[in-house]
Amino acid sequence: MANAHAVAPLGGRLVTPVTVVLAGLTAIAGVILLFRFFFGLGAVTNINDGFPWGIWIAYDVMVGSALACGGYAMALLVYIFNRGEYHPLVRPALLASLFGYTLAGASVIFDLGRWWNVWHIFWPGYAQINSVMFEVAVCITAYIVVMWIEFSPVFLEKLGMKDVKRKLNKLLFFFIALGVLLPSMHQSSLGSLLVVFGYQVHPLWQTMLLPLLFLMTAILLGFAVVIFEASLVSVGFKRPGETSILARLSRIMYWTLAAYMAVRVGDLVWRGVLGAAFAPTLEALMFWVEMLAFAAPLVLLASESSRGRASRLFVSAVLLMLGGFMLRINGFLVGYETGSGYHYFPSVPELLVTIGLVAFEVLAYIVFVRTLPVLPKHATH
Amino acid sequence: MSINRRDFLKGALAGGALLGMGAEAEARPNKTMPPQALGLLFDSALCIGCKACVAACKRVNGLAPDPTSGDDPLWDVPLDMSAYTYNVIKVYKSGTAVHKDQETDGYAFMKQSCLHCVDPSCVSACPVSAMLKDPVTGIVSYDAGACIGCRYCVAACPFGVPRFEYNKALPKIGKCELCRHRMADGHYAACAEVCPTGATLYGKVTDLMAEARRRLALKPGEKTVFPRGQLGGPDQSYSAPAPKYIPQVYGEKELGGTQMIKLASVPFDKLGHRPLPERSYASISEGLQHTLYSYLILPAAVLGVLGVVAKRNAKHDDDDDDGSAGRGRK
Amino acid sequence: MNEIIFDLETGSDAGVAERLGISRREFLKFCAATAATLGLPASAEAAIAKAMESAKRPSVIWLHFQECTGCTESLLRAEHPTLDKLILDVISLDYHETLFAAAGHQVEAARKTAMKANKGKYVLVVEGAIPVKDKGIYCKVGGQTAVDMLKECAADAAAVIAIGSCAAWGGMPATDPNPTGASSVAEVLGKPVVTIPGCPPNPYNFLATVVHFLTFGSLPAVDALGRPLFAYSRLIHENCERRAHFDAGRFAIEFGDEGHRKGYCLYKLGCKGPETYANCPVIGFGDVGEVSWPVGCGHPCIGCTEKGVGFTKPIHALAKVKNIEPPASYPGVSEEQGKVSLGGAALLAAVAGAAAGAAIHVAKKLDKDDGGTKSEGKKPRAEP
């Protein structure tokens, strides 16, 4: 089915009640970040020496980048698995990935205490190649560059630069290949970051399979986010749904999820730590929330007819996103314990920055989608 | 189509198997201690909790009062190590807490400062070589000029040693560096210099280890000589009866060994020192990374496969170009 | 010992001053100083003054045994009041081998007379240890062994005070191997007595005890070893003026080194302050102020008041620090730290709630929209 799908800007008003609210939240985040840069991280966040990483890392970077794996998952499907029928989903997924990763990268910068030295990670003489974080940082940076290149045809189209676009298209396969390799590397390594913490990570999450678990959930989240955003777009912009294509996508997602659960549960049984899941602790509770969030879609999408229902697809996608979110929050925050009675819960300004960043992401998505040829052409609202 | 699937499956199997093989990852072994490594021997049974070492450390490092002491403190009362407190003495209390070095109804003191691990997690974690282990002295040092303030070292250290200045706009990490900045003047670790009872002793780790074993071999109550200050330095020793020790030198094997080793009369897990495996977490983490990315062989191979597949499947987005190689499948 | 033994007759202030040959101002200063030494409130000064005004002076018998007479010498150096002026006029010293001009059998006879006349009412002060080995022949006065003399004098005494470490616990004569069997007063009498240890003790510890007895008719509160609490309840370490140096780790390592000349802590030189109970740093010696005590002069405390420390442990051996308990503010092995943000929890809950609500809304809408497009099934959408 090599139907080329026409894409076009959505058009329409840029200033709406929604975009104004989003802009407001973004502005609040901006002000708080000014405070952060003038008065230090402690003035704005609740991180401390027992929990040096808070939600700006655990959510903005870890969860945020995983939620931004739509582009990765779709590239994997369309360009590697050659499932061309999902092509219409690629550009919007890529756009969401672009913003998600760029903002994850921005979150890293404003979480760094000595951010002016950030170039050291890439500089020989400073770079410490045995560090998992080194690899994560280099891969994510490279991937952001690759994604902007992958997305550049959209700008080139808008700007009418057809020649440049054609030349770029010849090389695009290389960037696409990178765009599949790089996330595989860094999404798995985001999990490997936890390995060096040793006993500090609760046994329900500390395993040598962390890179595999994080990689699989990144792919799952990629699919889920595509379904999620497509559903939101159809409801929010009042466009006809893409249920059929999403239904077929969900079948792939389903079996990937089944494989993931097999690995996850198998690992817990193999390491003999399932007992900890039944202890009366917060960790056990959060573990079950995570597990149920992953398991529920296995039930909800079990049959072909259920996969054809848009609401089920959407709810399953949300549950999968929750599960992926929980895995990362549990590994980095809930299940992390450095001893000595430290506590952490994000402060209000800390949360507002995260919320503001998400708002900015959504705002930028709306603006791009309305002004650039991203979404497939349809009869508009 | 079949070619694509085969290519992909090859790559997927190879990659997936290797990722899953993380458990048997070709481990890099623990690093070994340099033979001239310097360190400390802390003997909890000799410590009287006078905190002279806490004050001395603050003095020689020019550290401000700890934020936990309040905004304009009369006394500096750090609760824990922090970016302003590289060394702290903590007390263990049980029941009525009247008998020194007794596990029940007793109290005991424990020093907390950088243990200068033989295979440090912080050195492995730091992406910019701000944490470095000296190849001769084994001292783990911090270079603020290189540091990006990511706090991976703070999170990674199994002993919670590196600490961060959360309340500064231009923050740094802070931790004990064994007074390496005073060695040129012939000084050594200030905590050992001032310790009145020799509870903190400075010297070559091999010598300190021998001294620790000597103490463990004594009978409780047996009169013996305890050195003070620096092993091999000017004699400040004194004689006293040997305490009753837990038969363990903490730091001998834990996570590959540490250069600050400890003796105590109360079980170590009660003193905030949990039992730890011999294999260092740095070696596990680096072993995993090397298995997957060593010389970028695997990534390059995967990239090659992906590139071939992507080229074959590449579809152009142009509206007028629909004769390309991609074969969609329902 | 709690009975009121003396009649406190009223006398005028002027009378007291005239009788004692000092100004009223000096007299009241003495009473105030004594009250302070005893740790009594300022109002006690009046009670002490009243007691001193009494005309009747209690009898005191003072025995010397295995001693160096340092305790007496220490008392002689008291300045307020001077021994001759006030003490001899306040108490009736009926037997004192050092201070008496007379000697020999006459003095012994005088003692026996005084004991008989004041039977049950005199205060017995003992200076020096009592040898018990070989039937106590190593110390005899007028042919009588010290042991016998002590037992004889103690029998009818209203109160027994052992002054000095020798009398209190054996002191220097009792140092290993103790060939004479030097023993304390309590050991010989087989019952606890008030002890004022020290080598020598600060005279005001003794004087204040006596004045307390005169004022209130009873001896001050004592600890298990009979030591008055006002002087011996705290370790020297707790009141030492060099304590800040100990706490900050500033020590003298050798006599004459930089730390020693700067007045740093002498713990590393063997100061026994951390295991010795006494009030030396508080009141000092020689009436020249607080710094006139061994540590203040740059020599480590030798623990002279403390049995098992003084004359037992080598002077430069490290003292055992007697921490009773670490203070409550000492950081524990595990302390609660970090902030739990209620505002953050509320905000997060609100966001989660809003997200859940929005998701449900979207799902419902999708269901509704689905109804219109279900007929399309799996066919690809046609291009407009």
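**Chain A against chain B**

The count between chain A and chain B is 1 salt bridge (a side-chain nitrogen of Lys or Arg within 4 Å of a carboxyl oxygen of Asp or Glu).

User: Which side chains make that salt bridge?
Analyst: Arg151(B) and Asp111(A), at 2.7 Å from N to O. This is a predicted model, where local features need pLDDT of at least 70, side-chain atom pairs count only at pLDDT 80 or more, and totals for chains, interfaces and linings use all residues. Residues are numbered from 1 along each chain as its sequence is written, chains are lettered from A in the order in which they are written, and side-chain values use heavy atoms, with hydrogens and water left out.

User: How many residues of each chain are in contact?
Analyst: 75 of chain A and 76 of chain B, with contact meaning heavy atoms within 4.5 Å.

User: And what area do chain A and chain B bury?
Analyst: About 6,600 Å² between them, 58% of it on carbon and sulfur atoms. That's the accessible area (1.4 Å probe) the two parts lose on being put together, summed over both.

User: Switching to chain B, what are its domains?
Analyst: Domain 1 is 38-277 and domain 2 is 280-312; the bounds come from an automatic or database domain assignment.
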